[in-house]
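Open the model in your viewer and keep the selection panel at hand. The stops below go one chain at a time.

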Amino acid sequence: MTRRISKSKRFYMMNPIIQFFKFIYLSIKIMLIVAGGHGGTRKANY
Amino acid sequence: MSKIVILGAGISGHVAAAHLRRKLSKQHEVLVVSPNSNYQWIPSNIWVGIGRMKSEEILFPLQPLYKKKGIGYKQAKVSTFHPEGDSETEKPFVRVEYVAGEKKGQTEKVTYDYLINATGPKLAFDMTEGLNPGTNKAYSVCTYTHAEHAWDALNDLIQQMKQGKKAKILIGTGHAKSTCQGAAFEYILNVEQELRRHNVRDKAEIVWIANEPQLGDFGMDGMLLSYGNNIMKSSEMVEMVFEDRGIKWIIGAGVNKIEDGVAHYETLDGEYNSETYDFAMLIPAFSGHGFKAFDKNNQDITEKLFKGFMIVDADYTPKSYEEWSVQDWPETYQNPSYKNIFAPGIAFAPPHAISKPRVSKNGTSISPSPPRTGMPSGITAKLVADNIIDAINGKNNLQHKGSMGNMGAACIASAGYGMTKGSGISITTFPIVPDYNKYPDTQGRKLSKTFGEIGLAGHWLKLALHYAFIYKAKMRPFWWLIPE
Ligand SMILES: Cc1cc2nc3c(=O)[nH]c(=O)nc-3n(C[C@H](O)[C@H](O)[C@H](O)COP(=O)(O)OP(=O)(O)OC[C@H]3O[C@@H](n4cnc5c(N)ncnc54)[C@H](O)[C@@H]3O)c2cc1C
């Protein structure tokens, strides 16, 4: 069954104050994933 | 002294040129050959296609920047590759043809010590009968000129809807093997929001059509995401968003013919259907450019360099889906026959798809080709540049590696423009190519690094990235601190 975006979720998604903190959180989280690096896959324990 | 020639000035070509120039002393020559005189930040074409940004905001001319930074530039396109030189020229070279200026139409041999092929994809509209941006009411947002035309047509339709016209809008993939579903996904959500902003949403039926077997496949076999405290499939997330926006969908559809306002397609069930529309934006198939290569004696050696796209250090042995592994994916993007040639970004030939291949009941292959988004394009270009720098400095060990099976990607899908009304779906995936051995219980991905978030913050993030990446591309002070 399709999940729906609830009223409270929508408020959370579009509230600028909450979303400001989300913006900071997401920027850091994405930066960490990007900075987490990359490498090969062909050596054991890559 | 070494000469490094870079073909293409898109995300990967430009990243490679910028890093090479910054890290190599001026005694080494860095030369870019690209037919488009402008750099464009392609992801923001979505906003050009809804009239919320002008092309000028997403592009800048390359020549003045390259001149200032000491990067050579030829506004030309490569036509043939000669990795062993020929009877007259000892050094390897590419033959290029000027596309503008006094030399327009003239060809020239451009010799090199190292060659980076960053020519991306050919937008293969010709692979779908009748699909040609701007004709048959079907458009594209793959370049800024395409996006401008798309907005002109959409705006026209919006004005008609304001007069009471009911309209149908079809957005998705225009070929059974298209990739880049993410861009079409962004565009459909942005169009939907713009229709609301213009108070004509009730006049429009909006339909998603794609070659994906499931919503949210994105050519990456879908993904399991953490979403708040929940774990959700990408298909469920996209379905939730489409339901919320009143968007209908047709999936498993290989569009094969476009007529004026009609898209014909075949489904995985083997049915032949058609869908009418008043405005469509359909992503074409991406193909290689059809380049030819020749050896010293002018014998055709194209198969040593190209398999559609350029051959690199991938494992191209044909295998079934069950046998695919992350180890098949390239790590250094070096051509195995000519070690001074590299192909980062979209220019390299992938070993196979990422999504499970699917064939219709009639035997037509209908499934997404593997995407290579901006982030991996930039990362692979930088590591190629770093390996070339090492080689120039006498270290030929290719120590910089970056397989898409051991690399994350952040994709911020715009879901609507506006500082207070905008929205974005922020998705990160690690790794891009699922590693089913390493992460067997979570569909090949590390859940802590694979998440989705929907909301206004996503729009701000996408906008911040737009400005950050244009700053970086303009090589403004400390540009290199901004990651790829
Ligand atoms: C509408 C749209 C939205 C997108 N949004 C996102 C997003 O939000 N996030 C994301 O990560 N990715 C996104 N992408 C994908 C991203 O744009 C690509 O991954 C990226 O552009 C690939 O970079 P590239 O340098 O390999 O190829 P390209 O950017 O295509 O560059 C290829 C270059 O080669 C040049 N060239 C072509 N032919 C020749 C020739 N014969 N000789 C010399 N040069 C040649 C071209 O002029 C161009 O400069 C989007 C793509 C599209 C189409």
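Buried means under 20% relative accessible area, exposed over 50%, and partly exposed in between, with a 1.4 Å probe and protein chains only. This is a predicted model: local features need pLDDT of at least 70, side-chain atom pairs count only at pLDDT 80 or more, and totals for chains, interfaces and linings use all residues. Residues are numbered from 1 along each chain as its sequence is written, chains are lettered from A and ligands numbered from 1 in the order in which they are written, and side-chain values use heavy atoms, without hydrogens and water.

Select B:Ser423. B:Ser423 sits in strand β27 (residues 423–429) of chain B; strands are DSSP runs of E, at least two residues, and helices runs of H or I, at least four, numbered from the N terminus. B:Ser423 is buried, at 5% relative accessible area. Now show its contacts (heavy atoms within 4.5 Å). Leaving out residues up to four places away in sequence, they include B:Arg245, B:Ile454 and B:His459.

Next, select residues 374–392 of chain B. This is helix α8, with 19 residues. From first C-alpha to last, α8(B) reaches 27 Å, close to the 27 Å expected at 1.5 Å a residue (1.5 Å times one less than the number of residues). After α8(B) comes B:Gly394, with a positive phi near 90°.

Finish on chain A. Chain A has two helices and zero strands. Of its 46 residues, 28% are buried. Its C-alpha atoms fill a box of roughly 50 × 30 × 10 Å along the principal axes.
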